[in-house]
Structure formats: structure tokens, C-alpha cells
Amino acid sequence: MIYSPLSVPSIIRFAAENHSDQEIVSRLNGGAMHRYSYADCYQRIAKLANALQALGVTKGDVVGTIAWNSYQHVELYYAISGIGAICHTINPRMGADRLAWVVAHAQDKLVFFDSQFSSMIDAAGTINSVNHWIALEADSKKNWLPPHSVKPLFYETLINEQRSNIDWPDLDENTSCGLCYTSGTTGKPKGVCYTHRSTVLHAMAICMTDVLGLSAMETILPVVPMFHVNAWGLPYGAPMSGAKLVLPGPMLDGESLANLIDQENVTSAYGVPTVWMGLLDYLDRTGRQLPSLKRLVSGGSAVSGDMLQRFREDYGVTVINAWGMTETSPVGTVNMPKQRSQNISQAESDALALKQGRGVFGLEMRLADTENRPLPRDGQATGELQVRGHWVTEGYLHQADLDALTEDGWFRTGDIASIDPQGYMHISDRAKDMIKSGGEWISSIELENAALSHPGVAQAAVIAVPHPKWQERPLLIACRSQTDAIAATDLRDYVATQLEKWMVPDAVEFIDEMPLGATGKIDKVQLRKIYQDYRLKE
Ligand code: AMP
């Protein structure tokens, strides 16, 4: 066979040739719509790649992006990696200090940014590695704050001057093409580098029917930000399959998403459960239906059975649970049905849907106990989930001291899981979120799901608090769906009907707003800080 290295720009070139008129539609800051085709996109990518080279970017340089999901961000993904540089997607939700830390740590040479983030960039202060800050905003007369009073360059001006054809350099398929830092809920963020090879193989995998099932017949909406693990690889999978790609920009509330889904006839959308709860609440409030939408894929944290059921019964939408990590590019498992799923009861099917899903060819999974001994795939034994494969990292950028792998080369996920004989993996918790009560482990996810099944509860999080007798006991912290929707004692009694007595949270606290981390997940580190002096009575 002819050897041909796997390369990221080959994906978009393929789309330009084979799906030339298929659309990329973006909702911009402020709500205006931008639409163009894969062929138009490819031409602008070539111009941008020429502009990057003109600015002195060469192989191995790191180029940062601080941007929402938009056509310009897609162009940056491909142009930066196409010339052998590394596209470092920066999460703006992590705040100015962390932003300064990751840009300096990665040694970004240029940073492209949505002007909405200019004050945060200004607060981050001077970062010596950065030669140019480049605003994605087209209008240079717009009134916004230039970072550190340095005059930024403008994206559109830069690319307008360039030719729209390019000969992509030959690159080894193991060249780095992307960089993403983990949300850093513990300690400093950790940088994960993706390669052309890992990115292409991951994109091919997500296109498979039983993974995300992308195709030229679909219109897909990645709500998951392009600054969080490459929006689950969808900006690669969409052009590879010829799917229409709809990019939502910054407006991610229920109403804005419903409008976009309706307007563009979106067939599947991808995001964290918090976003889908927002959409569900909006639909419930307005009675609106979304006829084009068939499927929502939910990942990043556990889904509740209640949400799955309401979407299915009230709106005809299937919610699919998927698991992954920054370190796994991210897709690791997806909860797709098998032939045997057609012959099981609704109750069994509901229980199965809460699992994180079955394995994807290209990524292997195993379970290990605390001594790193193998555990069976019997659906009962729980232990640490370990993975390896074509798109799993072997370590972190410039942090060789962080041990990511076991001695025999498997990545330690830190998730506690079981795997059933059918291959469906079920996460019971993050290792650090489990509650150890008198030597017995309690899963915070199980308790959260029990609370979330009550209609009066909008969000729930369980953390461990010290206890004089049991060392640790669960504290349930919840947000109500409406004021006075339920009292603390009633919620505790309700949860008790679904759990063993010893697992029932000792106390329930209601708060108005749940602290969320940079990727939209509930920030348990913050909750632990807030409740650090919380004491339970014996
Ligand atoms: P991140 O690297 O920020 O994407 O976080 C990865 C972590 O999110 C995983 O190790 C899991 O703990 C958690 N996670 C991802 N997907 C799911 C899911 N479907 N259910 C439960 N936890 C999940």
C-alpha cells in the first residue's frame, strides 16, 4: 500500500472537493448569522496559512486562540496545524490569571482572540512569548480595549492580503497539531498535545455509525466549545463526513439554542448536561417542540434519568450519554444501542441509558483495583478505569514529572467504573469525589441522580463533609427549579426512598446558584471551599 501520512489539512481539502457546497453556519457575537461553504472555508484557510507564515510562524510554534465556536475558529484549527504549528485552544472561562499561566507555559507566539475577551487579556498582563495579539473582530474602528495598550493586528486585514492557494508542507503524522489544557480542578492546568495522526484517527472514529454517526445527511450543532477538547473532534468529523456544521457563538441559553436548531434544521447537538437542562427548561416553559432534532449527545458529566425521559417522552429526542477526557481527545465511549437493546424492558433500557457507553474501536479499556490488579468485566466489580489507544495521551506538555501512565503503559483516568459483559462502561465517580463513610464507598453521582429525579430540583451536587463517627458523610447541595419547589427534609426523604439507608445524605443545603467550572461542570472544589467548616452532628 502507498504510505500517506495522516494529516489534518487533508480533511478540509477533502470536504472542499467532495462537499464543496455544504454549509458552515455561524451565529456571531451580537446574533448576526454568517454562512459559507466548505469550498469557501478552504480558500480562507489557505489565505490564513499564508498570513501565519508571513508573520514568521514555523513548524513547532504554538499559536493560541481565545474564541467561541465560529467559522474563523475552524479556519484557525486547520491553518495553524496545516503549516506544522500547534493550535492551542484557550478556555476563556478559566479567568485572567490562569489564562496568563497557560499562554506563558505553552509559549504561545501569536494569540487570536474574540474582542469580547480583550479586557480579560488586558488583566492577564504582559506575556513575553507573545509577538502579536490578533483580533478576530472585522471592524478595526470598533471601540474595544486593546490588550496592554499594544495595538493588535486584525484577522480580516491579515488574510485579505494573501493568496488563496497553498502547498501544504509534508509533515510527519506524529507532528503535534493541537494543544488543550485540562480544566485543572486540582492544581495547575495540564497541557495535552494532539498529533495529526491522533486527530485524524479520532475524527474517523467519531464518524462511525455507532459512535457519533456523522454523515452528509446530518446537520450538527457542537454546543461544546471549540476551546474544550476540540469540541469533541466535531470540527474535524463534520468536514470528513460532509455534515452541515452549525456553530452557536456565545449564546448558549435554552431559547437561543432552540432558535438555532429550528432555523438550521439541526438533527443532532453535542454538549454538557447543564446546557441540555437549560434547553429542556426552556421547552417546558414555552411548550415549543423541535421537529428536526433527533439526538442530543451529552458528555462531560453524568446525565440524569429524569432528563433522558423528559426529552424522549415530551420532545421525541434521544439523549445519548458519552464519556471522554481532554487526555482521550476526548471520545472514549458512547451509549449506542445494540440489537439486543430492542428486546429489553423500558426499565432495563432506562438503566442502560445511564451508563457512559460502550467502547470505540481504537481505544481499549480495562479496570484495576487499588493494587493495580485486573478486575472482571462483570458489571459488578468497580475499580479505576484505565485506557490506551490511538488518541490517548502518554503525558503532559512540559510536565514530565506528572505520571499519567501505569508501568505497563495504560493511562490512569481517575474515574471509578464498572464494565458489563456487553462492554458498556459505567462511571460511579471520580476517585476524588467518592465519599468514604466508615470504610464504605458512597458514589456522589448515584446520590445526585436520586435528587435530580425530583422535578423540584434543577441541579444537585454531593460532597463529603467530616463526621465524628463515620469520618466522612455525604452533604447534598441543590438548586431548586422554582422557589419553594421542595423543602430540605422532603428532599432527603425523597432521596431515601431510592437508596440504601446508610447512603442517604445526612443534610441537604439549598443554594441559589451552583458554582460552575471553566467547562460548565459543577465546580466541586469551590463547593468544598464554601462548605469546609460544615459540621454534621453525630
Ligand atoms: P475533561 O477532561 O474536563 O473533559 O473531564 C474529563 C472527566 O469528566 C472524566 O474523567 C469524567 O470524570 C468526567 N466525565 C466525562 N464524561 C462523563 C460522563 N458521560 N459521565 C460522567 N462523567 C463524565
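Modeller: Happy to. Helices (H or I, at least four residues) and strands (E, at least two) are DSSP runs, numbered from the N terminus. This is a predicted model, in which local features need pLDDT of at least 70 and side-chain atom pairs count only at pLDDT 80 or more, while totals for chains, interfaces and linings use all residues. Residues are numbered from 1 along each chain as its sequence is written, and side-chain values use heavy atoms, with hydrogens and water left out.

Let's start at the ligand. Its shell has 15 residues, with Ala322, Thr326, Asp415, Arg430 and Lys521 the closest; a residue is near the ligand if one of its heavy atoms lies within 4 Å of it. Strand β14 (residues 318-324) gives the largest share of this shell, 4 residues. By type, the shell holds 4 nonpolar, 8 polar and 3 charged residues. Here Ala, Val, Leu, Ile, Met, Phe, Trp, Tyr, Cys and Pro count as nonpolar, Asp, Glu, Lys and Arg as charged, and the others, Gly among them, as polar.

Next come the polar contacts, pairs of N or O atoms within 3.5 Å; within protein, one must be able to donate a hydrogen and the other to accept it, and residues adjacent in sequence count only if both atoms are side-chain atoms. Asn321 places a polar side-chain atom 2.8 Å from a nitrogen atom of the ligand. The side chain of Arg430 has an N or O atom 2.8 Å from a ligand oxygen, and a polar side-chain atom of His228 lies 3.3 Å from an oxygen atom of the ligand. Of the 500 Å² of accessible area that the ligand has on its own, the protein covers 92%; accessible areas come from the Shrake-Rupley method with a 1.4 Å probe, and for residues only the protein chains shown count as cover.

Thr333 lies in strand β15 (residues 331-334). It is buried, with a relative accessible area of 0%; buried means under 20%, exposed over 50%, and partly exposed in between (1.4 Å probe, protein chains only). Beyond its neighbours within four places in sequence, the contacts of Thr333 include Ala322, Trp323, Gly357, Met365 and Met425, where contact means heavy atoms within 4.5 Å. The Thr333 side chain also reaches the backbone oxygen of Gln356 at 2.9 Å.

Not counting residues up to four places away in sequence, His202 touches several residues, including Trp232, Thr328, Pro330 and Trp391.

One last check is for disulfides. A disulfide is a covalent bond between the sulfur atoms of two cysteines, and a pair counts if the sulfur atoms are within 2.5 Å. The whole structure has 0 of them. For buried Cys41, with a relative accessible area of 0%, the closest cysteine sulfur is that of Cys87, 13 Å away and therefore too far for a bond.
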